[in-house]
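Me: I've got a model open and I'd like to learn how to read its pockets and its helix packing. Can you walk me through them?

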Amino acid sequence: MKSNSSESRRYTIRGVPAEVDRILRERAAANKSTLNQVILDILMSATIRQPKKIDFSDIVGKWTPDPEFDEIIASQRQDRLGKVEVTRRS
């Protein structure tokens, strides 16, 4: 039989510690997924998927200091503070 790289493979894993089994099953239940899918996701993340970015730097770019912008914002904040009246209740 010829092997094709796009074919799915089957694995049998023995000796899974009870604690690992419990955690995997809890994760599957929490995600409303199958145990098999949870294990596949973990294997794929550990091998071929890129780690998830949590800072969004890949889509929003980097911060560039802009003194002119900072001045405008400071001026707006100052204007806003100047217009706020403090009222006291008796």
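Me: Which element gives the largest share of the lining of the second largest pocket?

Reply: Keep in mind that this is a predicted model. As for the general idea, rolling a probe the size of a water molecule over the atoms shows where empty space is left. Here, H1 gives the largest share of the second largest pocket's lining, with three residues.

Me: Which residues line the second largest pocket?

Reply: The lining is made up of Ile13, Val16, Val20, Asp21, Leu24, Leu35 and Ile39. Helix H1 (18-30) and helix H2 (35-47) are the elements that each put two or more residues into that lining. By class you get six nonpolar residues, no polar ones and one charged. The space inside comes to about 180 Å³.

Me: And what volume does the largest pocket have?

Reply: About 370 Å³. Its lining runs through Arg9, Arg10, Tyr11, Thr12 and Ile13, then picks up Asn36, Ile39, Leu40, Leu43, Met44, Thr47 and Ile48. Sorted by class, that's seven nonpolar, three polar and two charged residues. Ile13 and Ile39 belong to this lining, and both turn up in the lining of the second largest pocket too.

Me: OK, on to the helices. At what angle do the axes of H1 and H2 cross?

Reply: In general, two packed helices are described by the angle between their axes and the distance between the axes. In this model, the H1 and H2 axes cross at roughly 105 degrees and come within 8 Å. That angle falls in the 65 to 115 range, so H1 and H2 are roughly perpendicular to each other.

Me: Which residues make the contact?

Reply: From H1 it's Leu24, Arg25, Arg27 and Ala28, and from H2 it's Leu35, Val38, Ile39 and Ile42. Those residues split into six nonpolar, no polar and two charged. As for how such patterns come about, an α-helix has 3.6 residues a turn, so residues three or four places apart point the same way.

Me: What span should H1 have, going by its 13 residues?

Reply: At 1.5 Å a residue, H1 should span 18 Å, and its end C-alpha atoms are 18 Å apart, which agrees. Just after H1, look at Lys32, where phi is positive at about 50 degrees.

Note on methods: Residues are numbered from 1 along each chain as its sequence is written. This is a predicted model: local features need pLDDT of at least 70, side-chain atom pairs count only at pLDDT 80 or more; totals for chains, interfaces and linings use all residues. Side-chain values use heavy atoms; hydrogens and water are left out. On a 1 Å grid over the protein atoms alone, a cavity is a set of points where a 1.4 Å probe fits but cannot get out, and a pocket is an open set with protein on both sides within 12 Å along at least five of seven lines; lining residues have an atom within 4 Å of a point. Grid points are joined across faces, edges and corners, and a volume is the space filled by probe spheres set on the points. Ala, Val, Leu, Ile, Met, Phe, Trp, Tyr, Cys and Pro count as nonpolar, Asp, Glu, Lys and Arg as charged, and the others, Gly among them, as polar. Helices (H or I, at least four residues) and strands (E, at least two) are DSSP runs, numbered from the N terminus. Axes are lines fitted to C-alpha atoms, for helices over the stretch in contact, and angles run from 0 to 180 degrees between N-to-C directions. Angles under 35 degrees count as roughly parallel, over 145 as roughly antiparallel, 65 to 115 as roughly perpendicular and the rest as oblique. Contact means heavy atoms within 4.5 Å. The expected span of a helix is 1.5 Å times one less than its number of residues.
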